[in-house]
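Me: I'd like to learn how to read a few features in a model. Can you walk me through them?

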Amino acid sequence: MSSNDRSSISSSTFKEDNSNTYHPKELDHGKADEATELLVTFEDGDPTNPQNWSRARRWYLTMASALLVLNATFASSSPSGIFAKFSEEFHMKEIESVLTLSLFVTGYCVGPLVWGPLSEQYGRRPVNVYPFFIYACFQIAAALAKTTVQILLFRFIGGVFAAAPLTNSGAVISDIWDAETRGKALAVFTLAPFAGPAIGPTVAGFVGDNTSWRWVFWILTIFAFLCWILIVFTMPETYGPILLVRKAERLRKETGDSRYYAAMERRKLSIGKRLEDILAKPFLILFREPMMIAITAYMSFVYGCLYLLFQAYPIVFTEGHHFSNGISGLMFLPIPIGGALSVFLYVMVYNPRYTREAKRLAPEPVPPEFRLEIVMISGPIFAVTFFWFAWSSPPHISYWAPLMSGLTMGFSISLIFLGLFNYIIDVYLYVAASALAGSTVVRSLCGAGFPLFAGSMYDSLGPQWASSLLGFVALAMVPIPFIFQKYGPWLRTKSRYAASARVLPK
């Protein structure tokens, strides 16, 4: 997941209170049976439980959720194909045109802290329907923008509301799949946060070469409203606690018995406690946990590098090889193809290995360090890829050489995110939502910040040494999963948030 989730995946993807399953209990108020309250739960085979819906319906919701994330991330990177058009019409400096990308991604820092808690209070469907509609409206606003300030403001606000599907879609998947199948669903879903940014420059480049840059935003508008219609008519509520509230209301109405209640109806939190959980807890976990600091640094660097490529690729392919913006955009396509290959490997090879390991260790859970195997393989590939891209980027070398580095780039990025994302969930099981929220905010800041210095770095160092510098940093981070593989069980015994401290099997 990603990406992103698992695209990034957000703060409400995994519920800390395990609130999709409740166990009945009676609350005796010292009176007769009339005073005994009846807790409503999901029974075995209950058709109102999303995990009992047909596999076809659940896979449809998985793909639809992935499409919403692809939509949002597609919008994030699209301006990179029309930077020159912005500069021409609005007389922007280079840094201002890059801000049209960076400010949108900055919105991802704000969104998860808002939409995640709201989805756990009011359900997934409202947090899909209303923010996505506003996000679509701000694509219209960007298409009609008349000044630099307007386009930058509309992009930032659009990013805040675009974070709703990034946060909510992963949560939908966690609602509808059991633990055994969720890995496959999340592996497929994780591809969307990386495919969207890679497709954006391709479409925008061809549109910008042949018509007004405003048509990029009209295309984003059409795509967004089509997805919104899909949400309204085909995506139901999937959050278990909300469905149980509705079930309790229905039972009270049908039976006339007011004793039926759902657990969520009794969950009362003060405003201060809510603010603490939303704003403080994610960062307390992040900065108190050395493991979280290291993992977040690694994931944030990788995510930042992905968005940095929207500056690096035009330098190599547009300026170096003299391609048009549209053709330069096509150079991004190997990245999602590589990501698709990694998902295939994960589903066909790694996931069955994990299933066998789970059966072997049952009833004990698989140690979290098992998740790091794919990171130990993909981390070195990611580092080598930057050296490959660096020293194949000169114009006298065939463009096929830097182009094909995108395959291993997408392949390694997806596997790094899948491994580390699942490791966070396994280690911080009971506070996973907060742990992921803090990590998501830092990661989004890097995604927004890296493009801002990329142009200056590549101008100063040249494409070869600028990309090599990134390769050296990536190389320095390669030992992180190896260290956790060896010392992770011990580190978990010292953690105040880790769910368990199990040692690896011999």
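Me: Which residues line the second largest cavity?

Reply: A quick note before that: this is a predicted model, where local features need pLDDT of at least 70, side-chain atom pairs count only at pLDDT 80 or more, and totals for chains, interfaces and linings use all residues. Numbering runs from 1 along each chain as its sequence is written, and side-chain values use heavy atoms, with hydrogens and water left out. A cavity is a set of points on a 1 Å grid over the protein atoms alone where a 1.4 Å probe fits but cannot get out, and lining residues have an atom within 4 Å of a point. Here the lining is Leu61, Arg124, Asn128, Val172, Met235, Pro236 and Thr238.

Me: What else does Arg124 do?

Reply: Arg124 lies over the face of Tyr239, 4.1 Å from the ring centre (the test: NZ of Lys or CZ of Arg within 6 Å of the ring centre and within 35 degrees of the ring normal).

Me: How do I read aromatic pairs, and how many are there?

Reply: You describe a pair by the distance of the centres and the angle of the planes. Centres must lie within 6.5 Å; planes under 30 degrees apart are stacked, over 60 edge-to-face, the rest tilted. The structure holds 34 such pairs. Tyr346 and Tyr350 form a tilted one, at 5.1 Å and 40°.

Me: Are those two tyrosines buried or exposed?

Reply: Buried means under 20% relative accessible area, exposed over 50%, partly exposed in between (1.4 Å probe, protein chains only). Tyr346 is buried at 2%, and Tyr350 is buried at 5%.

Conventions
On a 1 Å grid over the protein atoms alone, a cavity is a set of points where a 1.4 Å probe fits but cannot get out, and a pocket is an open set with protein on both sides within 12 Å along at least five of seven lines; lining residues have an atom within 4 Å of a point. Rings of Phe, Tyr and Trp (its six-membered ring) pair if their centres lie within 6.5 Å; planes under 30 degrees apart count as stacked, over 60 as edge-to-face and the rest as tilted.
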